[in-house]
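Hi,

Here is the structure I said I would pass on.

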Amino acid sequence: MTAAFVVFAAPTSAMADESWYDDCVAYASSVCQTGVQVGGPAGEDECATASADMHYTRVCINFDGDYVYVKDGKEDTHSAIAAVTGGTGSVTGRYCRNPYGNGTWARCNFDWTESGEKRVYGGYRVSDSLVHATGAIIVFTGN
């Protein structure tokens with residue numbers, strides 16, 4: 001199942017830290033980061049890999065520090081994407097982009113509340129207005 005993420009909130013660009021995904025420019029409830037290239041995850045608590053149709057994107061979460069690691073799993077022209085949605089607070093959509101190519105890892109550092117359920121998705125960026133991701137590959141609460 002493929003889904004395009006759409007967040008409904010009052011538009012504002014005040015909280016957008018990058019403009020590679022339109023929702024992060026238009027909605028204060030979404031933030032985007034282009035990850036820093038790293039050799040791989042360090043101290044991850046949970047990892048999962050998206051399906052072939054989601055380009056085998058691998059995502060790891062490190063709860064101590066709210067780090068998201070995303071590995072590009074397919075040779076193509078698309079950036080790998082990890083999305084963490086949910087939780088409480090004003091930001092409920094966090095998108096981490098890995099533009100470094102097949103086999104590489106990127107790390108994003110988000111700050112999410114410890115309360116509320118969060119869902120983690122792996123997929124890829126098609127354009128500024130479209131991100132494809134599969135059903136949640138990790139679900140967690142309280143971290």
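Below is what I found in it, going from the whole chain down to single residues.

Before anything else, please keep in mind that this is a predicted model.

**The overall picture**

The chain has 143 residues, and buried ones make up 44% of them. You will find 1 helix and 12 strands. If you walk along the sequence, the pattern reads β-α-β-β-β-β-β-β-β-β-β-β-β. Of the contacts with a separation of 6 or more, 57% are between residues 24 or more positions apart. The accessible surface comes to about 6,400 Å², and carbon and sulfur atoms account for 48% of that.

**The sheet**

Which strands make up the open sheet, and in what order? There are 5 of them, arranged S3-S9-S6-S5-S4, with antiparallel pairing. Strand S3 (36-38) and S4 sit at the edges; each has a single partner strand, so one side of each has no neighbour in the sheet. From one strand to the next, the twist averages 25 degrees.

On one hand, strand S5 (residues 58-62) and strand S6 (residues 67-71) run antiparallel and are joined by 5 bridges. Here Tyr-67 in S6 is the bridge partner of Asn-62. On the other hand, S6 also runs antiparallel to strand S9 (residues 105-109), again with 5 bridges. In that pairing, Tyr-69 has Arg-107 in S9 as its bridge partner.

Is Asp-66 buried or exposed? Its relative accessible area is 6%, and because the cut-off for buried is under 20%, Asp-66 counts as buried.

His-55 is another one to look at. You will find His-55 in the loop between strand S4 (46-49) and S5. His-55 has a positive phi near 65 degrees, and this is a residue other than glycine. With 9% relative accessibility, His-55 counts as buried too.

**The nonpolar cores**

Which residues have the most contacts inside the largest nonpolar core? They are Ile-61, Val-68 and Phe-140, in a core of 19 residues. Two or more residues each come from S5, S6, strand S7 (80-86), S9 and strand S12 (138-141). S7 gives the most, with 3 residues.

Once you leave aside its neighbours within four places in sequence, Phe-140 is in contact with Ile-61, Phe-63, Val-84, Trp-112, Gly-116, Glu-117, Lys-118 and Val-120. Apart from this core lies another, of 10 residues, which include Tyr-21, Cys-24, Cys-32 and Val-131.

Gln-33 belongs to strand S2 (residues 30-34). Gln-33 counts as buried, at 17% relative accessibility. What does the side chain of Gln-33 reach? That side chain comes to 2.8 Å from the backbone oxygen of Asn-109.

Thr-104 sits in the loop between strand S8 (93-98) and S9. With a relative accessible area of 15%, Thr-104 is buried. The side chain of Thr-104 reaches the backbone oxygen of Gly-101 at 2.6 Å. Leaving aside neighbours within four places in sequence, Thr-104 is in contact with Gln-37, Val-70, Lys-71, Asp-72 and Asn-98.

Cheers

Notes
Residues are numbered from 1 along each chain as its sequence is written. This is a predicted model: local features need pLDDT of at least 70, side-chain atom pairs count only at pLDDT 80 or more; totals for chains, interfaces and linings use all residues. Side-chain values use heavy atoms; hydrogens and water are left out. Two strands pair if DSSP finds at least two bridges between them. Helices (H or I, at least four residues) and strands (E, at least two) are DSSP runs, numbered from the N terminus. Buried means under 20% relative accessible area, exposed over 50%, partly exposed in between (1.4 Å probe, protein chains only). A nonpolar core is a set of buried Ala, Val, Leu, Ile, Met, Phe, Trp, Tyr and Cys residues joined through side-chain atoms within 4.5 Å. Contact means heavy atoms within 4.5 Å. A polar contact is a pair of N or O atoms within 3.5 Å; within protein, one must be able to donate a hydrogen and the other to accept it, and residues adjacent in sequence count only if both atoms are side-chain atoms. Accessible areas come from the Shrake-Rupley method with a 1.4 Å probe; for residues, only the protein chains shown count as cover. Axes are lines fitted to C-alpha atoms, for helices over the stretch in contact, and angles run from 0 to 180 degrees between N-to-C directions.
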